[in-house]
Amino acid sequence: MTLIEDFNTLEKRGFRLLPYVLAKNEEDAVQAAKKIGYPVAMKIVSPEIVHKTDVGGVRIKIKNAEMLRNAYKEITENAKGKKIDGILVQKMARKGVELIIGGKKDAQFGHMIVLGLGGIYVEIFRDISARICPLVKSDVEEMVAELKVHPLLEGARGKKPINKKMLERLVLRVCRFMMEEDIKEMDLNPVVFDELGCDIVDVRFSR
Amino acid sequence: MNKNIQNLKFVFAPRTVAIVGASATANKIGNVIIRNFLDARFQGDIFPINPKYTELFGLKCYQKVSDVPGTIDCVIIATPAETVPMIVEDCVKKKVGGVIVLSGGFEEVNRTDLAQKIAEIAKKNNLPIIGPNCLGVYNPYTKVDSIFLPRYKLERPKAGGIAFVTQSGAVGSTVMDLAAFYGIGISKFISYGNATVLDESDYLEYLMHDKDTKTIILYLEGAKDGRKLLQTMKKVNKIKPIIALKAGKGVGGQAAARSHTGNIAGSYLAYNAAFKQAKVTEADGIIEVFDFVKIFDQTKPKGNRIAVLTNGGGIGVLTTDYIESEGLSLAKFSDETKKELAKILPSYGTVANPLDLVADAGVEAYEKAIDVMMNDPNIDALIVIVLTQTPPIDERIIHVLTKASDDKRKPIATISIGGTYTEVYRKILESKGVPSYNSPRAAVKAIERLITYSRYWEQLKRK
């Protein structure tokens with residue numbers, strides 16, 4: 001499955017993803033950004049690259065066509081020698097708390113959901129909480145309360161609390177999707193939350 | 001409840017027991033077990049089964065189970081794995097109530113064929129089989145005891161309200177020995193080994209209905225059926241609190257590298273999630289199991305406001321630290337309480353929480369202060385610290401604390417830290433059912449778990 005196919009599957013299942021276009025060349029990318037609206041992020045899409053940041057395959061906060069053209073050249077240069085499907089041009093995500101919402105099928109307990117501090121810190125801090133599917137609303141509330149990052153979600157240091165209704169709905173949606181489609185492993189990471197809502201930046205799942 | 005689970009009553013309270021593989025040779029399994037029954041003065045009939053003998057310990061010995069006249073409720077099998085399916089067949093022929101297979105040599109050595117054979121026979125006939133590859137059961141109420149570790153080496157605990165379900169015989173036997181040492185009462189001990197016929201969930205289900213059992217300890221390495229376990233724990237934990245100890249917590253090599261979730265979610269994470277969803281209390285290590293289980297015998301507190309009573313300031317401060325880190329709160333005494341406590345304290349003492357009775361406090365000061373605290377509606381639970389090393393404290397404190405523990409209006413945990421003298425004193429307290437701890441951390445953690453469970457209990461009642 002390619003990234004775009006994964007995106008399509010999730011959108012069909014009611015996941016609202018950040019607007020994106022898979023650009024095959026520089027001109028494509030410029031047109032895409034114009035359509036989506038600046039600022040945008042650009043990410044390499046390659047079956048040979050899992051950690052895009054590590055290979056210099058990501059550029060963010062691109063404000064205009066000139067920046068975009070430069071970024072395009074840099075990314076393709078960094079990925080030289082690798083098979084490239086294209087460059088993903090994506091609406092820049094909102095600022096906020098980065099969470100991971102994931103799941104896997106456990107040999108003993110079946111589908112389970114993991115919620116945690118997301119982004120590049122997932123494996124370093126392992127600030128996570130898990131529940132066995134199917135989940136109910138109160139499970140999600142408890143998971144949120146268990147996280148060390150919890151105060152940040154409640155609006156620490158003068159910030160507004162994140163939209164927990166949205167988080168709840170998204171977690172339950174992941175749970176339903178995992179069970180109905182019998183997904184083996186899944187990551188929405190990161191999903192950026194603020195007081196208004198959330199942006200799903202990257203997705204990955206396997207059956 | 002399934003018929004075969006119901007039939008476990010034949011194993012736990014049999015009128016007649018047959019021991020297959022009974023032996024005259026000292027220290028052989030079949031020898032230890034028959035002595036267990038004789039030494040504990042089992043009230044029913046005992047039938048040794050072994051074609052080698054005509055008589056054992058003055059009892060008539062039979063060639064096989066079906067040779068015994070009359071009904072047999074429980075058969076304990078301690079012969080090599082290959083012989084077990086045939087013996088189980090014979091048990092069915094004899095219409096035996098239930099079977100314990102102690103012998104190893106089944107799934108754990110890849111002889112699933114043998115395991116399958118006994119599973120099929122059991123299923124067809126609703127025959128409960130405990131094991132194989134286990135220590136079987138111990139029931140202090142009926143003196144059934146298939147633990148094949150000699151009684152002089154492994155003391156048997158007295159009768160009480162705690163059931164212990166364990167996958168491992170090794171963990172099971174050490175816990176039994178410690179329970180006996182601390183005078184903690186047991187309702188049922190079940191070492192279930194390979195769980196070939198009945199699994200962990202089936203035993204939980206049985207214990208939920210068992211009138212002698214009030215609290216259940218569950219030791220697990222891996223569940224036979226995870227989803228069934230989650231459903232069963234949810235059901236049982238609502239009626240009787242379960243304290244779970246899970247071994248094998250490492251992330252292991254099974255993680256898939258492709259996904260973050262695959263990387264961070266080892267198999268333990270799923271168990272941890274299941275315990276949380278069932279509101280089961282999870283302990284970290286054998287000692288903590290004891291820490292938790294003994295406080296669950298106390299009255300359920302209505303809230304998390306703790307009063308601390310001490311005759312030594314420092315231990316009170318340490319306790320306060322843990323009250324804070326465990327998310328509990330220090331009670332604010334009512335005006336009435338403050339007035340009463342002032343009367344107990346010496347002129348240089350101050351009324352505060354922790355209440356420091358100071359080192360020259362005698363047993364009477366404790367008795368009065370506990371009484372005042374029991375009456376204060378602003379206090380939900382008591383932690384009583386006793387430095388037994390101070391001159392005025394004598395053995396009458398045991399009576400005072402036992403009375404407080406039996407009072408049942410509020411839960412109480414006691415802390416005493418010290419050497420030989422103090423440990424003897426703690427042992428006496430434990431045997432009288434007073435939760436005693438030798439560390440503030442253990443006491444506060446235990447009380448926190450009781451408060452958390454009680455809160456869940458209250459929520460259920462309101463629904």
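Reader: Which residues of chain B does UniProt place under "domain: CoA-binding"?
Author: The UniProt record, an unreviewed entry, places that feature at residues 11-106 of chain B. UniProt positions follow the numbering used here, feature names are shortened, and annotations may be inferred rather than shown by experiment. The model itself is predicted: local features need pLDDT of at least 70, side-chain atom pairs count only at pLDDT 80 or more, and totals for chains, interfaces and linings use all residues. Residues are numbered from 1 along each chain as its sequence is written, while chains are lettered from A and ligands numbered from 1 in the order in which they are written.

Reader: What is the helix and strand content over residues 11-106 of chain B?
Author: That stretch is 24% helix and 23% strand, and its end C-alpha atoms are 21 Å apart. Helices (H or I, at least four residues) and strands (E, at least two) are DSSP runs, numbered from the N terminus.

Reader: And how many helices and strands does chain B have?
Author: Chain B comes to 17 helices and 20 strands.

Reader: What is the strand order in the five-stranded open sheet of chain B?
Author: The order is E2-E1-E5-E6-E7, with parallel pairing. Strand E2 (45-49) and strand E7 (129-130) of chain B are the edge strands, each pairing on one side only. Two strands count as paired if DSSP finds at least two bridges between them.

Reader: How many bridges link E1 and E5 of chain B?
Author: Four bridges link strand E1 (residues 16-20) and strand E5 (residues 74-77) of chain B, in the parallel sense. Within E5(B), B:Ile76 is the bridge partner of B:Ile19.

Reader: What about the seven-stranded sheet of chain B: in what order do its strands run?
Author: This open sheet has the order E9-E8-E11-E10-E12-E13-E14 in chain B, and its pairing is mixed. Its edges are strand E9 (144-145) and strand E14 (281-282) of chain B, each of which pairs on one side only. Strand E8 (residues 136-139) and strand E11 (residues 186-191) of chain B run antiparallel and are joined by three bridges. B:Gly136 has B:Ser191 in E11(B) as its bridge partner.

Reader: Changing topic, what domains are assigned to chain B?
Author: The assignment gives domain 1 (3-295) and domain 2 (305-462); such bounds come from an automatic or database domain assignment. The centres of these two domains of chain B, taken over C-alpha atoms, are separated by 38 Å.

Reader: Is H11(B) mostly covered or mostly open?
Author: H11(B) is mostly covered, with seven of its 10 residues buried. Among them are B:Phe290, B:Phe292 and B:Lys294. A residue is buried if 20 or more other C-beta atoms lie within 10 Å of its own, exposed if 12 or fewer, and partly exposed in between, with C-beta atoms placed from the backbone.

Reader: Why is strand E15 of chain B described as largely enclosed?
Author: Six of the six residues of strand E15 (residues 305-310) of chain B are buried, so the rest of the structure largely encloses this strand. B:Arg305, B:Ala307 and B:Leu309 are buried on one side, and B:Ile306, B:Val308 and B:Thr310 on the other. E15(B) runs parallel to strand E16 (residues 329-330) of chain B, joined by two bridges. The bridge partner of B:Ile306 in E16(B) is B:Leu330.

Reader: Now the chain A to chain B contact: how many residues does each chain provide?
Author: Chain A provides 25 residues and chain B provides 20 residues. E5(A) gives the most to the chain A side, with five residues. By class, the chain A side has 10 nonpolar, six polar and nine charged residues.

Reader: Finally, what share of chain B counts as buried?
Author: Of its 463 residues, 50% count as buried.

Technical notes:
Contact = placed C-beta atoms within 7 Å. Nonpolar A, V, L, I, M, F, W, Y, C, P; charged D, E, K, R; others polar.
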